[in-house]
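Please keep the sequence and the model in view while reading.

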Amino acid sequence: MTLESAPAWTFGDSLAQATRTLAEAGVPQPRRDARLLLAKAAGVEPAQVTAYPETPLPADRRETFLHLLGRRQAREPVARILGEREFWSLPIKITPAVLDPRPDSETLVEALLVRLGDREKPLDVLDLGTGSGCLLLALLSELPHARGLGVDVDPEALEVARDNASALELSGRASFRLGDWASGLIGRFDAVLCNPPYIASGVLPALDPEVALYDPRLALDGGHDGLDAYRLLVPQIGGILSTEGWLGLEIGWDQADPVRGLLLASGFERVEGVADLAGRPRCLLARGMA
């Protein structure tokens, strides 16, 4: 879509043309994405784009809209273009330094909340490889007396997590530190959670462009079989998980058995699998060291 082929520049015409443009580029859900980008460019709520199709797009917003549309044509995810992703109904800032949070990751948050029980307890929560902090902050938003620590090897990711904690007014209960998984940590935690890199290196080029081109490789690449991170972090958990604590790990759809084996070999006596809404294995919950 260029200025030369521009529509009449009403919301309705702009949305229709942008939808066709994104569909031709192979973008999934082109109308939804076009609506979000048009709303961003126009400075209005997305609902207004469809509710008032006759509204003209101001001349000073047209170049902005075309720029945003071009980025989506190149398969940059809308959340990255907007700089924000909703996760657990929370607005989470994202940058090129962090993984774009997936809705399926909410499965891990929900599963841990169920198993932790009383949400009024003063729990200590640890998030390894915290990235944007979305998992930790989602838990803390539901556990009003809990405190959390997020650990990441990337200083830029930690800055994003700190910004998110501040924006959500959770800085008083969330802290962040530079580290390599649980190495060097002391103390005991009531919940340890982690969404490690679990994509096999050879599979990365075949991922959707939105992932392969824009998510940080550090957050994706799990080594030749996708299990490198689990081999490193699982043996470290026994020294920091409380007696009644829960470990929650996100996994790839075909990794339940090998990761379960790593957990049992490290002394966990109880390992439970949890599926996402599509019925695919999404995470493992472990408790009780032998």
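Which residues of helix H6 (residues 106-116) are buried? They are Thr 107, Leu 108, Val 109, Ala 111, Leu 112, Leu 113 and Leu 116. The model is a predicted one, in which local features need pLDDT of at least 70 and side-chain atom pairs count only at pLDDT 80 or more, while totals for chains, interfaces and linings use all residues. Residues are numbered from 1 along each chain as its sequence is written, and side-chain values use heavy atoms, with hydrogens and water left out. Buried denotes a relative accessible area under 20%, exposed one over 50%, and partly exposed anything in between (1.4 Å probe, protein chains only). Helices are DSSP runs of H or I with at least four residues, numbered from the N terminus.

Within H6, Thr 107 has a relative accessibility of 13% and therefore counts as buried. Apart from its neighbours within four places in sequence, Thr 107 is in contact with Val 274, Ala 275, Asp 276, Arg 282 and Cys 283, contact being defined as heavy atoms within 4.5 Å. Just after H6, Gly 117 adopts a positive phi of about 75°.

One of the contact partners of Thr 107, Asp 276, also takes part in a salt bridge with Arg 280, in which the closest N and O atoms are 3.4 Å apart. A salt bridge here requires a side-chain nitrogen of Lys or Arg within 4 Å of a carboxyl oxygen of Asp or Glu. Asp 276 is buried at 6% relative accessible area, whereas Arg 280 is partly exposed at 39%.

Side chains of opposite charge can pair when their charged atoms come close. In the whole structure, a search finds 22 salt bridges. Among them is the pair Arg 72 and Glu 210, with 3.1 Å between the closest N and O atoms. Arg 72 belongs to helix H4 (residues 59-73) and Glu 210 to helix H9 (residues 209-212), so this pair ties together parts that are 138 residues apart in sequence. Both partners are buried: Arg 72 has a relative accessible area of 4%, and Glu 210 has one of 13%. Arg 72 and Glu 210 are also members of a network of salt bridges that links them with Arg 32, Asp 33 and Arg 75. Another salt bridge joins the side chains of Asp 221 and Arg 217 at 3.2 Å, N to O. Here Asp 221 is partly exposed at 22%, and Arg 217 is exposed at 51%.

Helix H4 also packs against helix H2 (residues 30-42): their axes come within 9 Å and cross at roughly 145°. Such axes are lines fitted to C-alpha atoms, for helices over the stretch in contact, and the angles run from 0 to 180 degrees between N-to-C directions. From H2, Asp 33, Ala 34, Leu 37, Leu 38, Lys 40, Ala 41 and Ala 42 meet Arg 61, Thr 64, Phe 65, Leu 68, Leu 69 and Arg 72 of H4.

Ser 14 is situated in helix H1 (residues 11-24) and is buried, with a relative accessible area of 0%.

Conventions. Helices (H or I, at least four residues) and strands (E, at least two) are DSSP runs, numbered from the N terminus.
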